[in-house]
Amino acid sequence: MRAFLRQHNGRITTYVGFIIFAIIVLFPFYFIVISSVTPRYQIFQIPPRYFPETLTLENYPAMMNAIPFWQFYLNSLIFALGSTITSVLFSAMAGYALARLKFPGSNLVFLGLILSIALPQVALLVPIREIYNALHLNNTYFGLIVLMSSLVTPFTVWIMVSFVHQIPVEIEEAALIDGATIWQTILRIVLPTMRPAIATMLIINFIISWNELLYPLIFATRNDTKTLSVGLISLGREAMGTSRPWDLMSAMSVLTIVPVIVLVIFGQRAIVSGLTRGAVK
Amino acid sequence: MVANVSPPQAVTRARSPQLTLNQRRYLAAALLLAPVILLRLFTTLYPFLQTIVLSFHEYNPAFTPRTYVGLENFEKIAADIVVKSSIEFTLIFVFGSTFFQLFFGVMVASLLNSRLRIPNFIRTINLIPWAIPMVVAAVGWRWMFDGNYGWIVDLLRRIGLQINWLTDPASARVAILIVAIWKSTPFVAVSILAGLQGVPEELYEAAKVDGANAWQSFWGITLPLIMPLMVTIGMFMLVWQLAVFDLPYTMTAGGPGFATSVLAYQVQQKVVTLNYGYASAISVIMFLIVGLIGALGLAAFRRVQVSM
Amino acid sequence: MSEQMSRRNFLKSSAAAAALAAAPKMRGPWVINRRRQNTVVLRIQAFAHEAIQAVLPPFQESTGLTVQLDTGPSSGVEHLTEATTAYAAGDSPWDVVSDSDEGAPVEARAGWLEPLDGVIPQETWDDFPQGMRDAFPVWYGYDGAMYRVPHEFAVGYYFYRKDLIGEAPKTWEEVIEKGLEVTDSANNVWATADGLTKGALMFVYLAYLTSQTGGDIFAMDDGLANAARLLYEMINTYKIMPQDVINMNYDQQNELYMDDKVMFMRQWPFFQSVAEGNAAWYSPDKVAIALPPAGPMGGGSWWGGWGFTIPKLAPNMDGAKALIAYLTSNEVAPQLAAGQSWFVMPRTSILNAMAGTGNPIVDAMGMYADAGVIRPRPFHPRAAEAQIAVEDAISLYITKQATLQEALQTGKDLLAALE
């Protein structure tokens with residue numbers, strides 16, 4: 001036994017570590033999922049139950065009756081997809097320009113973009129609200145997508161620049177010498193090679209936009225543009241004085257996180273490569 | 001390639017034969033950069049400058065027309081106990097959570113870097129806290145901390161600990177930190193992991209030959225090598241968490257009282273009550289804190305690089 | 001290859017879907033405030049929709065207008081946020097709005113509301129009792145004009161377990177005395193409880209206690225000091241009120257009460273229907289209503305409530321004026337009250353229609369009115385912000401972070417900053 005322990009000591013510690021880690025990470029999810037399938041009267045019991053006596057799905061339809069859930073879902077999809085596609089497209093263009101088409105001041109532009117990450121999003125709200133009031137951009141998908149894609153753009157440009165730097169420049173030069181225009185080179189040679197970076201950033205930006213609270217909270221006050229994050233807050237606020245809708249909120253939480261969990265499961269490798277590229281470079 | 005040139009491009013070239021390659025290159029760069037630059041000018045640079053201007057104004061669209069008041073808003077902040085307490089907790093929150101995220105991040109990263117075959121699902125679940133909306137995390141944890149029905153409260157009660165998580169000011173602050181650490185440690189861990197994987201295996205082998213144990217080789221080899229990376233990530237987390245508003249907003253609404261209120265939350269509150277001038281002044285305080293963090297980061301970088 | 005294809009197709013189709021779905025929503029300034037000739041949009045809480053729908057048919061027939069209902073929040077502060085966002089942007093999606101105490105005074109001062117003096121006939125105004133009309137100039141009007149017509153009259157009532165304790169404590173001293181007798185904290189049984197969670201609920205209770213001291217809560221005076229001290233002692237000294245009241249909302253408070261864990265409490269009239277809805281538990285003796293316990297200045301309880309307003313930017317102003325006059329008329333108000341107890345007010349027309357129905361809330365309203373304990377809600381033009389200031393300051397004392405004197409000074413500073 002002692003020999004076994006000595007031999008496998010590191011391995012056992014590691015596996016114990018994994019188990020503790022998994023429990024800490026997953027415990028809240030277990031709580032949320034279990035709450036969502038527990039009848040309301042059993043959620044609020046002292047002492048609490050760690051596994052409900054009866055399972056039920058009634059919280060889900062009840063939640064959908066309380067708020068226009070599918071409208072919020074659609075809004076979230078439009079908001080997240082719109083912001084993702086816009087930001088990745090613009091950032092890929094800008095990333096290529098900054099990495100390859102050196103011009104006087106290009107480093108300054110890049111530095112400015114990166115430094116602008118440091119400005120807290122909430123601290124720029126007042127002037128944006130003024131602009132949005134003047135242009136009537138409140139409660140429009142367009143207005144929300146503009147803000148959100150701008151928010152994720154600097155990081156995306158950063159990733160794109162570091163990716164383009166890794167692509168050998170020779171192929172592009174050969175194409176240019178062959179007489180192709182810059183635009184042809186970009187479309188036929190650069191874009192295909194940038195595909196992995198583009199895919200990665202599509203996933204990451206989708207997750208970030210899907211999770212966004214502040215912009216929709218401030219600029220989408222009507223149900224026809226509210227996203228799920230804001231909807232979850234409204235569901236809680238609406239009943240703040242007179243009820244504790246944890247049964248409904250847990251059901252809504254579960255359905256809200258399904259898309260991002262699916263993305264994490266299938267895009268894990270891409271996400272990790274994207275997140276770490278920024279830090280390591 | 002040449003044979004493939006389609007008519008529109010031929011026209012373009014015919015129209016601009018006088019442009020040199022460099023000029024064409026600048027034109028292309030300008031066109032490619034234009035959308036991003038416009039977006040950032042419109043949503044960041046202009047708002048940034050305008051916020052600074054507004055911070056010297058008294059401005060509430062419901063009550064007071066915009067009037068220049070000099071430093072009055074900042075004098076108000078100096079006397080505003082709620083904002084001052086928010087500055088205090090903002091600093092505690094930002095530095096405290098970043099410290100623990102780095103600490104646990106190194107642990108988790110070392111775990112994930114183990115030479116054992118790691119079940120793929122461990123890597124996947126590691127990303128899940130990062131990937132879910134903060135709103136969902138905050139709401140879920142808020143109910144786990146609930147004084148009557150919360151699981152955490154019940155589990156602690158079973159081992160004889162009675163903590164009033166959300167009613168006691170100090171405990172509520174700890175609760176907020178716990179959620180922030182839980183939510184962002186995985187992101188930090190993933191970033192550190194990339195650094196760990198870059199440490200050459202030979203260094204460990206050599207240390208082993210010299211008789212170093214795992215702890216010694218971590219302390220002597222790994223940590224110094226990943227230190228610059230840690231500083232970068234730490235800087236990023238400090239700045240990023242300064243902007244965290246959704247966590248206290250959703251979990252405690254800054255309460256009990258204003259114990260868990262942060263500056264980002266205060267700005268949002270002033271914005272929705274239309275106190276635009278005051279909100280801008282608090283925003284300027286946030287800019288100053290960003291500057292402070294930046295200066296600290298630069299100093300840390302210099303030290304790390306000197307020691308290497 | 002097939003994988004790449006599918007990914008590309010996925011992106012293409014999702015982009016197309018997003019663009020398609022977004023297209024009709026991307027409205028510019030040209031579509032906003034387009035005059036709507038035939039519809040009137042009424043924004044009101046979801047739980048009132050049924051009662052409203054029931055009275056609409058005659059209105060729609062006689063005017064040819066279609067009334068659309070939009071759901072507003074039940075929190076007054078939330079309403080203020082949403083309405084001011086729209087109005088400040090020069091936009092009103094609604095014609096008639098159920099507007100809160102927190103919202104209307106701000107909106108009236110900002111010039112965002114339509115004056116109602118000529119719109120509402122004199123007989124409607126005359127239908128309100130003098131006690132309510134006294135509060136009209138500050139809470140429902142501004143600068144001599146009326147901007148809001150009340151449709152709710154909410155008083156905090158003092159519910160108690162007649163079946164368990166026989167009689168409710170009549171004074172603050174009795175509250176403590178009796179409280180110590182009946183509290184059994186080991187079994188989670190408390191003399192009293194209240195939902196005091198952040199965002200105005202603690203203010204509601206402090207203002208209630210302050211109305212029993214004759215103090216002025218927004219002056220941070222001795223009256224408030226007495227009220228805060230009582231709350232502090234109930235929670236921290238005598239422990240006859242659970243400590244987590246400061247995080248409880250009304251639902252938790254009601255549940256504790258209906259779980260037989262609380263003997264007496266202040267609560268809004270909606271609790272009556274909550275209790276009656278809990279048929280297995282309910283009996284009239286379990287939710288008896290007494291006069292509020294007397295503080296240094298006798299009993300007291302304040303009233304406030306929601307009322308109808310018309311935004312200046314209402315897309316259909318004529319329709320809005322017709323609808324607001326109709327809903328508040330002496331004929332329709334009693335119908336609304338019959339449909340939803342939220343609309344019950346001490347208006348002559350409503351009291352006449354409900355006389356002798358044995359409605360406990362109507363009876364309690366009479367009892368409180370006769371005893372002269374009903375006070376108007378303490379006024380502040382920026383109620384939402386002032387309430388938060390009071391809560392922030394007093395919670396410092398309740399959670400033992402400051403002495404009472406320090407907390408009051410803090411409150412004074414915070415309120416002064418609102419001037």
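1. In chain C, 74% of the contacts between residues at least 6 apart in sequence join residues at least 24 apart; two residues are in contact if their C-beta atoms, placed from the backbone, lie within 7 Å.

2. This is a predicted model, in which local features need pLDDT of at least 70 and side-chain atom pairs count only at pLDDT 80 or more, while totals for chains, interfaces and linings use all residues. Residues are numbered from 1 along each chain as its sequence is written, and chains are lettered from A and ligands numbered from 1 in the order in which they are written.

3. Chain C holds 19 helices and 14 strands (DSSP runs numbered from the N terminus: H or I of at least four residues for helices, E of at least two for strands). Of its 419 residues, 50% are buried, that is, 20 or more other C-beta atoms lie within 10 Å of their own. The C-alpha atoms of chain C fill a box of roughly 70 × 70 × 50 Å along the principal axes.

4. One open sheet of chain C has four strands in the order β9-β10-β8-β11, with mixed pairing; strands pair if DSSP finds at least two bridges between them. Its edge strands are β9 (190–192) and β11 (288–290). Strand β8 (residues 157–160) of chain C pairs with β11(C) in the antiparallel sense over three bridges, and C:Phe159 stands opposite C:Ile289 in β11(C).

5. Between chains, 77 residues of chain B are in contact with 78 residues of chain A. Helix α2 (residues 21–54) of chain B gives the most to the chain B side, with 19 residues.

Terms used. Buried ≥ 20, exposed ≤ 12 C-beta atoms within 10 Å, placed from the backbone.
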